[in-house]
Amino acid sequence: MFLPLALSWAAGAVVRLSVGYLVAHGLVRLLGTEARLDHFAWRLGLLHVPAVLTTALTVLAAVRVLPEERRGSRALYLSAALAVPLVALCYGYATAWQVAGIEGAVMPVVAAATGAAVGLGVDRLMEEGEPDALAGSLTVK
């Protein structure tokens, strides 16, 4: 029981670190000037929306690695899906608590909750979809 969870957490952590690195070094360093980060709209586009996408990809990677026979248990499914985003959220609070205002306290929770809901929703849609439907639409006739 622990090995599938550990694999899911590892997959989620790898995706979280990879996408987080790409966002931080690719998007924020490229476009995030001090003048832009003074405006909420820029912070939303450069920090919070990418955080939602990062969390969604993290959750999706973690639950897709979880074996099919373990997905029936809600506790295991949610543990696999939400452990890495919750640890990342706690880490963010622990490292930036002295500089976080109201936006810094609320928006990470909103991004984590929204990203988790999107990731779990996409996983459910992928499960409900017919596996041959996509393959059939890609074949050349």
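From the N terminus on, the elements of the chain follow the order α-α-α-α-α-α, a secondary structure of six helices and zero strands, where helices (H or I, at least four residues) and strands (E, at least two) are DSSP runs numbered from the N terminus. The model is a predicted one, in which local features need pLDDT of at least 70 and side-chain atom pairs count only at pLDDT 80 or more, whereas totals for chains, interfaces and linings use all residues. Residues are numbered from 1 along each chain as its sequence is written, and side-chain values use heavy atoms, with hydrogens and water left out. Taken along the principal axes, the C-alpha atoms of the chain fill a box of roughly 50 × 45 × 20 Å.

Two packed helices are described by the angle between their axes and the distance between the axes. Here axes are lines fitted to C-alpha atoms, for helices over the stretch in contact, and angles run from 0 to 180 degrees between N-to-C directions. The axes of α1 and α4 come within 9 Å and cross at roughly 35°, in a right-handed crossing (right-handed if the near helix is turned clockwise from the far one by less than a right angle, left-handed if anticlockwise). In this pair, L5, S8, W9, G12, A13 and R16 of α1 meet L76, S79, A80, A83, V84 and A88 of α4, contact meaning heavy atoms within 4.5 Å. By class, the residues of this contact are eight nonpolar, three polar and one charged, with Ala, Val, Leu, Ile, Met, Phe, Trp, Tyr, Cys and Pro counted as nonpolar, Asp, Glu, Lys and Arg as charged, and the others, Gly among them, as polar.

α3 packs against α4 at an angle of about 145°, the axes being 8 Å apart, and the crossing is right-handed. T55, T58, V59, A62 and V63 of α3 and Y77, A80, A81, V84 and P85 of α4 make the contact, which holds eight nonpolar, two polar and no charged residues. α3 also packs with α5, at about 40° and with the axes 7 Å apart; the two helices are therefore oblique to each other (angles under 35 degrees count as roughly parallel, over 145 as roughly antiparallel, 65 to 115 as roughly perpendicular and the rest as oblique). α3 passes α5 in a right-handed crossing, and their contact has 16 nonpolar, five polar and five charged residues.

The largest pocket holds about 1100 Å³ of space. On a 1 Å grid over the protein atoms alone, a pocket is an open set of points where a 1.4 Å probe fits, with protein on both sides within 12 Å along at least five of seven lines, and lining residues have an atom within 4 Å of a point; points are joined across faces, edges and corners, and a volume is the space filled by probe spheres set on them. The lining comprises 34 residues, of which R16, A51, A88, G92 and P108 lie nearest the centre of the pocket. At least two lining residues come from each of α1 (2–31), α3 (40–65), α4 (74–96) and α5 (102–128), and α4 gives the most, with eleven. The lining divides into 23 nonpolar, eight polar and three charged residues.
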